[in-house]
Amino acid sequence: MGFPGASSTDQEKQSARRVRVLLPLPLAGPYDYRVPPDLPLIPGDFVQVPLGKQTRVGVVWDPFEPGTEDSSAVVVDSRLRDIEARLDTWRMTDSMRRFVDWVSAYSMAAPGAVLRMAMSIPEALSPGRPRIVYRLAENPPDYRATAARTRVVAELTDRPARGATDLARDSGTGVGVIRGLADIGVLEAVELSDDAPLPQPDPRLPRPKLSDDQADAAADLVAKTQNGDPSVTLLDGVTGAGKTEVYFEAVAAALEAGKQVLVLLPEIALTAQFLDRFEARFGTAPQEWHSDVPRARRRRVWRAVADGRARVVAGARSSLFLPFQDLGLIVVDEEHDLSYKQEDGVVYHARDMAVVRGRLQNAPVILVSATPSLETTANVEAGRYDTLHLPARHGGADLPAISVVDLRRDSPDRNCWISPPLKQALADTLAQEEQSLLFLNRRGYAPLTVCRACGHRLECPQCTAWLVEHRFAGRLACHHCGYTAPKPDACPECGAEDRMVACGPGVERLAEEIDTLFPKARVELMTSDTIWSPTAAAEIVRRVQAHEIDILIGTQLVAKGHHFPMLTLVGVVDADLGLNGGDLRAAERTYQLLHQVAGRAGREDRPGRVLLQTHHPDHPVMAALIEGARDAFMAAEAEQRQAGNWPPFGRLAAIIVSGPDESHVEGVARALARSAPQAQDFKVLGPAPAPLALLRGRHRRRLLVRTTRSVRIQDRLRAWVGTVKPPNSVRVQIDIDPYSFL
Ligand code: ADP
Ligand code: ZN
């Protein structure tokens, strides 16, 4: 950008300089601004600049090509506008700026769109007003100790002061109880600045004695952390092998070295148990970062990360864009997890970008999984990543015995989904006063509602998708766009009354069946419809651990890292569910998910068992699960992908053309196909209507580009896609390394 040429006075030539400023907006690149005479600026400074009639905050970006133009370059254009002010705050580090540029170049998103993720809480750039927090009074009066009051006092004993809302939540009571305790002088209200010191995790607290295998793995990771070795290491081991315990040693090493640590976790449901565990090891919880953290708290976390008070952050994928000043270690736990791929806005994979961030920062990256992705396995094979194995469950607990139920032989009753062998296993487990988990990755009551008179299926008016019945909520819902409607009594097509029937099971329907089969059992659902906050998740985990629940029924939310000692049976209601559809990773994903679900069984001394209900007992996924033959299964998968030049052996990009007008969308998609470069190493497939041919009222067409690994796919895409100028209503979205093919 910028305006070359033009004249100016000698006076200006001597005093004015220009700099490039990147704004957190989806613009093509940084804009040039003039620096007023006595404003010292260097790249990374946050500055306030005019843009149109507005004022915006941006970041002084680096010269275009080092050496050819720099911040002292003479301004020769009077049309350039002045920087208004430099914010009195931190600088964005060099490595963060290079990270923003890197993510932008790789994902083909505008640099300003990436910068926006790195400035997600703009108000965090200035300090906020102090807030009121509560701590225990030094000399409390005598008071009537109710259960709730006792919990509040326990919550504050040797723990940090907190605001009324946080404290009420943490001690499971209401704000009124907190205020009441303050009124009678048991608690003391104090003002706390935004930037008050935070409790620091202590790396030297006593820790469990590691087994030999664990100690070897830990020593390797500790050495890499101490040396600031920008390496990537896969920490591979079955669930319960102690992977967390091992990477905690690397966390401790980074803390000892005075560095910051980022632990990426896949989903909010995991964090409750994780935070407790971290606190048990390091004396205080890490800082949390995900969309459920209230904005005011995220603002404080952002500031604490920027000035180094926050030493460890446990967060979802967006925490990669936090302003760490001195990051010494990145851990990506459950590295194979799909939620690391961001599909909206800037499309990126947090695991892959974590590797980039680590490299730019000279920080080691640890990828953790019991079922590593083929991407990571291939990087290990190619020698790009190291690997460490933890072969056995800690304490020798056996892995659960996995077997299949052949639904073709042992079929459930009509409109039922529990086969006789699974029913028997549930009954046995109940009789032994142990717990069971039923896994079905389908929310709601039934995935489809059909009219028995005319066969009409209830579909979303805005998407190519069936409406899912949610009986508890009494509504039909589209899981793609959120459209909801009441369930009609009469068929909207033929008008027949009372002929609409539910087809197929969701977890709600399964709960109904279990209630009929085992009326005395205490049954609970765990899905994103019933668990909408980390607190709710923590509560249900607590109830399972306290054995207040006999049978837990859940979607993939239950598959995540929970540790339930009394859970000895896992029933997978439909093991085939993920295998359908034209997704190149379907088998790999199904294996990972089912393996993870199976890992919930028999975590301690009681042996666990897993029953997989399937119509394809001989499918390689089932065979691998039964035999525990993960590596052979993955090797076979790798061979297939290699033969077809599919990822991770070839590169893939998806182009999604969408818009409200189908003919415009079709026109752009065809124009893209016509102008596609013809080359041996650059294959363009499509356009084809996407499986979700209509999404939120937008028609969609997909093209798929496949190249060899040596091709710079972004460069070729830029040269090609840039030549087609779509009308305003049509959006062309590029997804590098797509994981979703809908
Ligand atoms: P993973 O992360 O591989 O699933 P964890 O680190 O969660 O495994 O360990 C599983 C369980 O075993 C946890 O309860 C953990 O505290 C315990 N554990 C692991 N290693 C040890 C050890 N060396 N000493 C004591 N307990 C351990
Ligand atoms: Zn919809």
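Glutamine 361 is buried, with a relative accessible area of 15%; buried means under 20% relative accessible area, exposed over 50%, and partly exposed in between, with a 1.4 Å probe and protein chains only. The model described here is predicted, so local features need pLDDT of at least 70 and side-chain atom pairs count only at pLDDT 80 or more, whereas totals for chains, interfaces and linings use all residues. Residues are numbered from 1 along each chain as its sequence is written, chains are lettered from A and ligands numbered from 1 in the order in which they are written, and side-chain values use heavy atoms, with hydrogens and water left out.

Glutamine 361 belongs to helix α11, residues 350-361. Helices (H or I, at least four residues) and strands (E, at least two) are DSSP runs numbered from the N terminus. Leaving aside residues up to four places away in sequence, glutamine 361 touches Ser95, Gln325, Asp326 and Leu327, where contact means heavy atoms within 4.5 Å. The side chains of glutamine 361 and serine 95 are joined by a polar contact of 3.0 Å. A polar contact is a pair of N or O atoms within 3.5 Å; within protein, one must be able to donate a hydrogen and the other to accept it, and residues adjacent in sequence count only if both atoms are side-chain atoms.

The account now turns to the sheet. Seven strands form an open, parallel sheet in the order β10-β11-β9-β12-β15-β8-β16, two strands being paired if DSSP finds at least two bridges between them. At the edges stand β10 (287-289) and β16 (386-390), each pairing on one side only. Within the sheet, β8 (residues 232-237) and β15 (residues 365-369) pair in the parallel sense over five bridges, and leucine 234 stands opposite leucine 367 in β15.

Helix α3 (residues 111-118) is mostly covered, seven of its eight residues being buried. Among the elements that cover these buried residues are β1 (17-22), α2 (94-107) and α10.

Finally, there is the metal site. The protein donors of the zinc ion (ligand 2) are Cys460 (SG), Cys463 (SG), Cys478 (SG) and Cys481 (SG), lying 2.2 to 2.4 Å from the ion. Donors are N, O and S atoms within 2.8 Å of the metal (3.2 Å for Na, K and Ca); water is not among the atoms, so sites may look incomplete. In sequence the donor residues are spaced C-x2-C-x14-C-x2-C. Cysteine 478 is buried, with a relative accessible area of 3%, whereas cysteine 481 counts as partly exposed at 22% relative accessibility.
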